Amino acid sequence: MCGIVGCVGAENAAALLIEGLKKLEYRGYDSSGIAVFTKDGIRVEKKQGRIAALEEKLAADGYPKGTLGIGHTRWATHGVPSDVNAHPHSCGRVTLVHNGIIENDYELREELEREGAVFLSETDTEVAAHLLDRFYTPGHPVEAIAAAMKRLRGTFALAILFSDDPEHLYGVRKDSPLIVGIGEGEYFLASDVPAILNRIGRYYLPEDREIAVLSRKGVSFLLPDGTPAPEKEPLTADWSVDAAEKGGYPHFMLKEIMEQPETLRAAIGPRCAHGVGGILKKELPDVSGVERILIVACGSAMHAGMVGKHAIESLARIPTEVCIASEFRYQNPILKKGDVVIVVSQSGETADSLAALRLAKEKGTPVWAIVNVVGSSIAREADRVIYLYVGPEIAVATTKAYTAQVALLDLLAIRLAYERKTVTEERAERLFGAMNRLPETVRLVLGQTERIRNLAKFNREAEHSFFIGRGQDYAVCCEGSLKLKEISYQHSEAYAAGELKHGTISLITPGTPVVAVATTAALLEKTVSNAKEAGSRGARLLLLTRKSLKPRDTFYRDLLLLPDEEELLMPVIAIVPLQYYAYCTAVERGCDVDKPRNLAKSVTVE
Ligand code: G6P
């Protein structure tokens, strides 16, 4: 995830681009850069680090003078944060910035290299610049963009300059955000409205693959075949400037919950680009010889590991343990040949997880890491890294990183099962198809927000609440309960449903909220019985289940029905409404949602 901006007609393009990039810094700040048409041609300036570092450089070198340009703030996916990997990237007459992930960059890079291309950076973006240059003949930019788009797989929003065409700026998108803003004699491209809010009154939302052509005279939209795109109505930019970095949402956590269809796609898409046999092949070329897996992590990442254990054991039949990183380190763990340690971490900097990684390596055990932050300590020290690609997560309570961690562990389970033939090919293909649908399935779940908001209102005064479930639903409960208590300060416990009666049921009094998660067909009746036991003691029961599992008797007080999907994937689908429930409860209770008391996003102490 990165932020892009472009402008034409502005008095001082460089200053405007920097201003816009600052509002987009929430989308990443590993490096930033701009490219401006000056009287001597395109001048590119880029710098690793925050936008302030680029500003310092510009102050020293002098701002490029011109009225047309593009800018970028990067959140590294392909290639470490560095000056060279910073955007814009150029090749021949083409200079561009990119947000998204080119899934087939590896093949395209090989193909272009065979034809003599020399790449300067490790980025997938530079591949797009080379491809565009290859297809470009002067005077025909739209044809070049259309031809390049045909070859690019994945997601992208691109802002493009051609060095022999100083009057135009081009923009195009596929599954990554891009808006076209209309100002007074100036026109803009940007990843979101707030980036350019103070310069525009109205804006357009281009459709996927439409090519936006911006000049000082106005904006037009073309289809890839060069014909005009269907007319579109401009929208009014009536956002508050305050909401800028939050993309219009009141809190980062809500923004991050809502962007999960997009982030899941970013995590899953590149891993599924080569069919079921190719899942995670790039990151893990060889997974043979794995006899036991130890997933080591903290907090929500550990809960993701609990779901992963279930997926790996049930599909691939590989014994898997989940270890709390801070315990693992001091328990003198028994590690032997055939073991693999998987460290899961959003930040890649959690001290306990890092220490566990080092211990495993010391003992000669291979370590794979599932990490969000590129170039973080855990990513650097692990033998193999699988990145989440979900962009920066700002709210302390993790949401989008958690669902991506679970999705990647599910993908790993499918890959292992496929190779070890512990599932039939048809079943592997079915699961693979469901993984590809997952972002859209999650989008459906996000449509039920109003009911959840009402529920949170009703339960807001409760002192305690409980989450019960069995099997992988229990792992969902652990995460749902953690989300609720960490941000709303309502005490909450997750229980394996069958265990409730062995003690904690004594805490249930009339009105205590109990959330029963029951998405596993084989365990439905058992969980329902446990929920009823709580209901008989006065609990206010919310049942979270799949459409096809809806029980006939209405023993519950509230019901949330989830779409029917492969059971393996239900933990990702079921946690989304629980994240939103926690969020709404915290808002109702007047809590500081994004920065709960006493917590930190990245815990770098033991
Ligand atoms: C902190 C955060 C949690 C997070 C945990 C692990 O406790 O508050 O939300 O799950 O650290 O962080 P990591 O960056 O390793 O995933």
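**Close-up 1. Lining of the second largest cavity in the predicted model.** By class, the lining has two nonpolar, eight polar and two charged residues, where Asp, Glu, Lys and Arg count as charged, Ala, Val, Leu, Ile, Met, Phe, Trp, Tyr, Cys and Pro as nonpolar, and the others, Gly among them, as polar. About 70 Å³ of space lies in this cavity, the volume being that filled by probe spheres set on grid points joined across faces, edges and corners.

**Close-up 2. Lining of the largest pocket.** The largest pocket, an open set with protein on both sides within 12 Å along at least five of seven lines, has a volume of about 730 Å³. Its lining comprises 29 residues, of which P177, S191, Y249, E259 and E262 are the closest to the centre, and it divides into 14 nonpolar, four polar and 11 charged residues.

**Close-up 3. Surroundings of I342.** Beyond its neighbours within four places in sequence, I342 is in contact (heavy atoms within 4.5 Å) with I293, L294, I295, V296, W368, I370 and L412.

Residues are numbered from 1 along each chain as its sequence is written. In this predicted model, local features need pLDDT of at least 70 and side-chain atom pairs count only at pLDDT 80 or more, while totals for chains, interfaces and linings use all residues, and side-chain values use heavy atoms, with hydrogens and water left out.

Key:
On a 1 Å grid over the protein atoms alone, a cavity is a set of points where a 1.4 Å probe fits but cannot get out, and a pocket is an open set with protein on both sides within 12 Å along at least five of seven lines; lining residues have an atom within 4 Å of a point.
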